[in-house]
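This report describes the ring pairs and the ligand site of one structure. The sequence and structure are shown first.

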Amino acid sequence: MKPAIVTSRLRPRLPHAQAELEEVRARLAEAEETIEAIRHRGVDALLVSGPKGDQVFTLKGAEKPYRLLIEAINEGAVTVLPDATVLFCNRRFAQMTGRTQQKITGSSFYRFIESQDYPRFQSLLEGLKDSGAKAEFLLSATAKNRVPVLLSLAPLEIDGVQAIGIVATDLTRTKQQEEKLRRLNDELEARVQRRTAALQKANDALADAQRQLTRHAEDLEDQVSKRTAELRQSLHSMEQFCYSLAHDLRAPLRAMSGFAITLLQDYASSLPGRAQDFASRINTAALRMDELIRDLLAYGRINSSEFPLRPVDPAPLIREVIESSEIKDAKIRVEPPFPRVQANPVLLAQVTNNLLSNALKFVSPGNPPNVRVFAQEGGDDWVRLWFHDNGIGIEEKYFERIFCPFERVCSGNFPGTGMGLAIVQKGVERMGGKVGLESTLGKGSRFWVQLKKAL
Ligand code: ADP
């Protein structure tokens, strides 16, 4: 488009009618020329035919840069009258609608929007304020093609005439991106749904498995408690049997020992020396067996009987043990203080007795026993009762073995059945405690019994 501006050409006035006629003709010619130029886009102005005749709109020189800008921008730009007649449109708008600027100019803007959108567009035009308005429409490009646009409307005044500037922003790419995004979202949603379904399935399977496991565990627990009850029952019968067997065994043993002693006492003169020796051995063996059976019975009792726990003051209990047994003459120092412990007095007395007996027994000849008993506190939790002796000591490799039934590791000729420490361990376990020792061969032993402190 030529950036020319149509201006009136001045002509000299002719005398009267002739002159007026000339003037009118000249104006008419000029007007026709101008209109023709405008129609063919030769000048920067617009001709709009209306009920009041043809109306011309021109652009003034100062607006030229804006006109150039409007042509250059990538948005569709249209100027319309309040009745939507297009006064001007830029190249981009013509492209968007697939028509020429010439064809668009002078036509109604309504032809570019869908008929169902007419009322919406009309109310936009009518309700337009200084601040303008925006709305999305489908712009009819061709019969089939529709371009989604955002129409921004703003009131304008051109040459004293009220007009409306419309900027049409092509939303095709935005819509495509929105569509792509929507598709991606849908896809994502579908994937999430698929995953959720899979997860739900896995969860259900897990819940099923858990239910089965719980059922199995319950079954197992049932079976275990049933079996435990059966085992306890058979153990109890076994213990009863062993107990009565042990009792029954003691009677013939006592008889054997009794007859051997009678032989030795009443018939010593008529028995040769060898026979007396045999009778003496029979007696010793019978007594030893009796001792073994007694220890076994004691061990069995610890396993099977009830031993309720209660707070016990160890000092008087230890003194009573020393007083009431054959160890009372020995040199044993009981060194207070002794905090109260959670124990069973019968078991604790048995444990104390066995440890003190061993402390006095396992000493080398000519070495008078020297035993100390004292307590060590572990805060509010536990109390250790220590039994220190000056005996033969124990090699570290035997520390665990000596607590097993019938285990004897000493080399000297010391009496015993090997059941004393087994009874100690079982008794301490029944009281919820622990037992242990520190010792060096030839340098005495330090046994300890750890019990819960009584609060
Ligand atoms: P027993 O005293 O009848 O031999 P124990 O079960 O009481 O049986 O002891 C097992 C073994 O542990 C003993 O034969 C001995 O070798 C060793 N023992 C126990 N106490 C002591 C001790 N105070 N000093 C040295 N050795 C000991």
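## Aromatic pairs

The structure contains 9 aromatic pairs, counted where the ring centres of Phe, Tyr or Trp (its six-membered ring) lie within 6.5 Å; planes under 30 degrees apart are stacked, over 60 edge-to-face and the rest tilted. One of them joins tyrosine 110 and phenylalanine 121 edge-to-face, at 5.4 Å centre to centre and 90° between the planes. This pair links distant parts of the chain, 11 residues apart: tyrosine 110 is in the loop between α4 (101-104) and α5 (118-126), and phenylalanine 121 is in helix α5. Helices (H or I, at least four residues) and strands (E, at least two) are DSSP runs numbered from the N terminus.

## Basis of the model

The model is predicted, with local features requiring pLDDT of at least 70 and side-chain atom pairs pLDDT 80 or more, while totals for chains, interfaces and linings use all residues. Residues are numbered from 1 along each chain as its sequence is written, and side-chain values use heavy atoms, without hydrogens and water.

## Ligand shell

The ligand is surrounded by 21 residues, each with a heavy atom within 4 Å of it; the closest are Asn358, Lys361, Arg408, Thr417 and Leu421. At least two shell residues come from each of α9 (345-361), α10 (420-430) and β14 (445-452), and α9 gives the most, with 3 residues.

## Contacts with ligand oxygen

Polar contacts here are pairs of N or O atoms within 3.5 Å. A ligand oxygen lies 2.9 Å from a side-chain N or O atom of lysine 361.

Notes. A polar contact is a pair of N or O atoms within 3.5 Å; within protein, one must be able to donate a hydrogen and the other to accept it, and residues adjacent in sequence count only if both atoms are side-chain atoms.
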